[in-house]
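Look over the sequence and the model first, then read the points below.

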Amino acid sequence: MAQILDGLKVSNEIKQEIKAEVDKIKASGKRIPHLSAILVGNNGASKAYVNSKVKDCAEVGFESSLFKFPSTASEAEILEKIEELNNDPNVDGFIVQLPLPKQMDQEKIIMAINPRKDVDGFHPENFGRMALEMDTFLPATPFGILTLLERYNLETKGKHCVIIGRSRIVGRPMSILMGRKDFPGNSTVTLTHSYTPHIEEFTKSADIVITALGDPHFLKGEMIKEGAVVIDVGITRVEDNTEKGYHLAGDVDFESCSEKASWITPVPGGVGPMTRAMLMKNTLLAYKHTIYKD
């Protein structure tokens with residue numbers, strides 16, 4: 001049976017480390033880090049995610065502020081708020097929760113964020129810096145996966161890493177980071193997606209499989225080799241007959257894959273908590289100006 005990559009445990013350790021740093025900042029009489037969020041509309045998942053970020057801020061001792069807009073808000077209103085946060089010296093980093101309503105140009109919104117405050121790591125400048133292996137804000141989910149591999153000291157050098165999914169938030173940046181000259185990294189990376197025929201031919205040869213599809217139980221045990229490391233980024237609400245009316249399912253068929261894998265992330269409790277913790281980490285980095293040095 002596979003050993004568990006416990007994202008909940010590691011994320012709590014990271015948050016405690018951040019809190020210890022914030023306690024020192026407070027004790028010195030300095031301003032504490034401040035994370036802001038812009039939420040547009042009433043998407044249930046987005047609201048829950050932003051609320052969890054506010055809770056995380058309180059847990060580590062950050063100041064936080066949440067700006068809510070109705071789904072009917074204009075693009076101009078959001079751009080105005082972004083400009084305000086860009087110019088606020090007391091805000092270290094902020095996020096615009098995605099997805100946005102259809103009347104808004106997502107690219108335009110992301111481009112308007114000051115890269116020095118882009119703690120989501122979505123701005124093209126930060127993506128470019130990441131690709132060139134320069135200091136930058138890494139997207140929170142890939143940052144969380146790297147940190148999980150690092151904390152469990154799992155070897156990545158010379159390993160074959162297969163990534164399923166090519167999103168700009170997970171798959172694409174993950175493919176760059178796993179191939180970088182660093183630890184974790186130095187892997188030979190294969191990036192697969194919905195148009196890749198016979199994906200199992202790639203996953204069967206992989207030492208590390210990272211899947212970010214949003215397709216429940218897609219990766220079966222017969223699709224991986226003995227001893228593979230399996231990281232499940234997918235999280236989908238699947239309707240059932242329970243009191244809640246649904247349960248959360250990952251991309252990985254946990255039962256069959258855990259019989260062959262050496263290490264595996266659960267859903268929930270794997271990558272999700274790490275994503276939230278790394279947003280806190282990026283905010284602390286922004287506060288300390290360790291990414292962009294004046």
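Contact here means heavy atoms within 4.5 Å. This is a predicted model: local features need pLDDT of at least 70, side-chain atom pairs count only at pLDDT 80 or more, and totals for chains, interfaces and linings use all residues. Residues are numbered from 1 along each chain as its sequence is written, and side-chain values use heavy atoms, with hydrogens and water left out.

**Tyr49**
- Tyr49 sits in helix 2, residues 44-60. Helices (H or I, at least four residues) and strands (E, at least two) are DSSP runs, numbered from the N terminus.
- Tyr49 is partly exposed, with a relative accessible area of 26%. Buried means under 20% relative accessible area, exposed over 50%, and partly exposed in between (1.4 Å probe, protein chains only).
- Setting aside neighbours within four places in sequence, Tyr49 is in contact with Gln97, Thr275 and Arg276.
- Between the C-alpha atoms of Tyr49 and Glu133 there are 29 Å; the two are 84 residues apart along the chain.

**Annotated domains**
- An unreviewed UniProt entry gives residues 5-120 as "domain: Tetrahydrofolate dehydrogenase/cyclohydrolase catalytic". UniProt positions follow the numbering used here, feature names are shortened, and annotations may be inferred rather than shown by experiment.
- Residues 5-120 are 49% helix and 16% strand, and their end C-alpha atoms lie 23 Å apart.
- The unreviewed entry also has "domain: Tetrahydrofolate dehydrogenase/cyclohydrolase NAD(P)-binding" for residues 139-289.
- That span, residues 139-289, is 31% helix and 19% strand, with end C-alpha atoms 17 Å apart.

**Helix 6**
- Helix 6 covers residues 140-151. At 1.5 Å a residue, its 12 residues should span 16 Å, and its end C-alpha atoms are 16 Å apart, which agrees. The expected span is 1.5 Å times one less than the number of residues.
- 10 of the 12 residues are buried, so helix 6 is largely enclosed by the rest of the structure. Among them are Phe143, Ile145 and Leu149.
- The cover over these buried residues includes helix 1 (7-27), helix 7 (171-178), strand 7 (208-211), strand 8 (229-232) and helix 10 (271-288).
- Asn153 follows helix 6 and has a positive phi, near 50 degrees.

**Nonpolar cores**
- A nonpolar core is a set of buried Ala, Val, Leu, Ile, Met, Phe, Trp, Tyr and Cys residues joined through side-chain atoms within 4.5 Å.
- The largest has 51 residues, and Ile210 and Ile231 have the most contacts inside it. Helix 10 supplies its largest share, 10 residues.
- A second, separate core of 17 residues includes Ile38, Val40, Phe69 and Phe122.
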